[in-house]
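Good morning, colleagues. Please look at the structure on the screen while I go through its surface patches and side-chain contacts.

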Amino acid sequence: MASLLGLLAFSQSLFQAIFPPELRFAALKLFTQIFRCFSSYVYLDITEIDGVNTNELYNAVQLYLSSSVSISGNRLSLTRAVNSSAITFGLANNDCIRDSFNGVTVQWEHIVSQRQAQGYLWRPLPEEKRGFTLRIKKQDKPLIFDSYLDFVMDKADEIRRKNQERRLFTNSRGGSLDSRGNPWESVPFKHPSTFDTLAMDPLRKQQIMEDLQDFAKGQSFYQQTGRAWKRGYLLYGPPGTGKSSMIAAMANFLGYDIYDLELTEVHNNSELRKLLMKTSSKSIIVIEDIDCSINLTDRKKKNPSSGSRSYFDLPDIRSGGGGYSSISGDKNGAGSITLSGLLNFTDGLWSCCGSERIFVFTTNHIEKLDPALLRSGRMDMHIFMSYCSFSALKILLKNYLNYSEDESDRTVLDEIKEVIDKAKTTPADVSELLIKNRRCKNRALTELLETLKTRAEKNGRELSKKEMGLEEEEEEEEEQEKRTLDSPKEASEFEEDRSKETEEGDEKDDDNTTRE
């Protein structure tokens with residue numbers, strides 16, 4: 001044994017003397033190239049840190065493997081990030097897992113090793129060197145580079161948005177900025193409203209959900225058509241019909257943040273644009289009760305005190321001044337939000353400074369809004385939040401009383417179905433009745449039926465009074481027409497007197513003009 005060990009030591013020294021390190025490195029490189037030629041696999045390394053910057057692809061792969069893909073692994077690591085609402089799975093150190101995409105099988109391996117001693121660096125690196133190695137077949141390279149990596153990035157963004165805590169933002173009072181220069185203040189958004197609990201017609205609700213899904217997945221469509229990736233929704237209807245709950249359901253459905261814009265705290269159009277620039281993508285920008293926040297009356301309506309208005313009489317269009325379309329400032333419109341500023345905010349060049357944004361305006365009186373704000377491209381979808389219908393009532397009964405049609409009294413429900421449309425009751429009023437009597441289902445239905453009948457009778461009496469008033473006006477008009485037909489001479493004399501008075505008035509106006 002001693003002779004053998006001595007022979008091995010002598011052979012090693014002789015080998016190192018005959019074959020220097022450079023020659024051994026060249027031989028190893030040649031052997032590796034020969035092995036790669038006969039190998040059917042390709043290995044892609046994705047390191048955690050690319051130089052001194054963080055590799056976004058590494059974070060995306062880590063999030064992607066935290067989905068159901070990594071649950072099938074034998075050894076997992078559990079993590080929960082800051083401001084995250086869920087626990088994520090991940091591959092353990094130096095463990096591997098297989099994944100399939102469009103019939104192609106790939107293998108991911110999480111490699112962790114100790115980093116060598118570092119010199120002086122202005123940004124110290126982690127002690128461990130982390131990375132993923134993707135093993136694929138050579139013939140699958142086009143599919144992996146063209147589709148699979150993009151799929152991993154999109155899936156990671158979806159998981160990140162789902163796990164991230166949503167925020168509710170509002171603009172600071174008086175346009176003040178925080179320590180980071182941000183004009184928005186935020187709190188965690190934890191509104192429980194969803195489309196399942198929203199009291200609304202199921203068919204209309206399904207249309208809205210499909211429209212939201214098409215928007216969220218329509219990046220390539222909007223780029224192909226040359227449109228900014230945004231969409232506008234106008235929610236209008238009587239108070240208490242669920243407009244705010246609809247906004248919360250949209251945010252929970254898409255996983256977007258909400259920016260609640262208070263126009264009364266915005267001083268001018270420039271500040272409005274800066275607020276828009278500070279909003280993030282994948283967000284919903286909300287202006288509630290816009291008819292109360294800013295004067296957006298129809299510009300086609302003439303002011304009786306000033307007569308008709310021309311282009312030069314509209315300072316909000318001509319020079320950005322306010323006039324009757326401003327919300328604050330002096331009479332000349334200086335330092336105020338104008339209608340043109342709000343239109344540019346929703347559909348101008350500044351509206352495309354971000355992507356995947358939704359604008360939602362709410363109002364109780366749609367007739368008060370200017371038609372320019374309601375057109376397609378600004379408010380693309382108009383959603384009427386109506387009074388509580390029978391289909392919406394069944395959703396409320398399920399939410400508050402856990403009521404199903406099997407255990408309900410069909411007689412009471414049939415009576416409710418007959419009067420609910422005539423009662424014109426908002427979902428908020430119905431919800432309050434059900435909350436008050438949620439411990440007794442029968443009493444809740446009985447009181448609800450009585451309330452609906454009372455309101456239906458009241459609405460019927462008011463409607464009959466209006467019809468009687470209209471009939472009396474029609475009868476008066478018919479009597480006046482009969483009188484005119486029965487006394488044509490009087491009518492002609494009356495018309496001659498009117499024409500003479502008009503001619504005399506015109507002559508007086510001409511005389512006054514000549515004197516001036």
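By patch I mean residues with over 30% relative accessible area and no salt bridge, like charges being joined within 9 Å and nonpolar side chains (Val, Leu, Ile, Met, Phe, Trp, Tyr) within 5 Å. This is a predicted model, in which local features need pLDDT of at least 70 and side-chain atom pairs count only at pLDDT 80 or more, while totals for chains, interfaces and linings use all residues. Residues are numbered from 1 along each chain as its sequence is written, and side-chain values use heavy atoms, with hydrogens and water left out.

Glu-473, Glu-476, Glu-477, Glu-478 and Glu-479 form a negative surface patch. Here Asp and Glu count as negative, Lys and Arg as positive, and His and the chain ends are not counted. Glu-476 belongs to helix 17 (residues 441-486); helices are DSSP runs of H or I with at least four residues, strands are E runs of at least two, and both are numbered from the N terminus.

Which helix gives the most to the nonpolar patch? Helix 1 (residues 2-18) does, with eight residues, and Leu-7 lies in helix 1. The unreviewed UniProt entry places a signal peptide at residues 1-17, although such annotations may be inferred rather than shown by experiment. That span is 94% helix and 0% strand, with its end C-alpha atoms 24 Å apart.

I turn to side-chain pairs. There are seven salt bridges, each a side-chain nitrogen of Lys or Arg within 4 Å of a carboxyl oxygen of Asp or Glu. In one of them, Arg-231 meets Asp-211, with the closest N and O atoms 2.8 Å apart. This pair links distant parts of the chain, as Arg-231 is in strand 11 (residues 230-236) and Asp-211 in helix 6 (residues 202-216), 20 residues apart.

Conventions: Accessible areas come from the Shrake-Rupley method with a 1.4 Å probe; for residues, only the protein chains shown count as cover. The place of a charge is taken as NZ of Lys, CZ of Arg, CG of Asp or CD of Glu.
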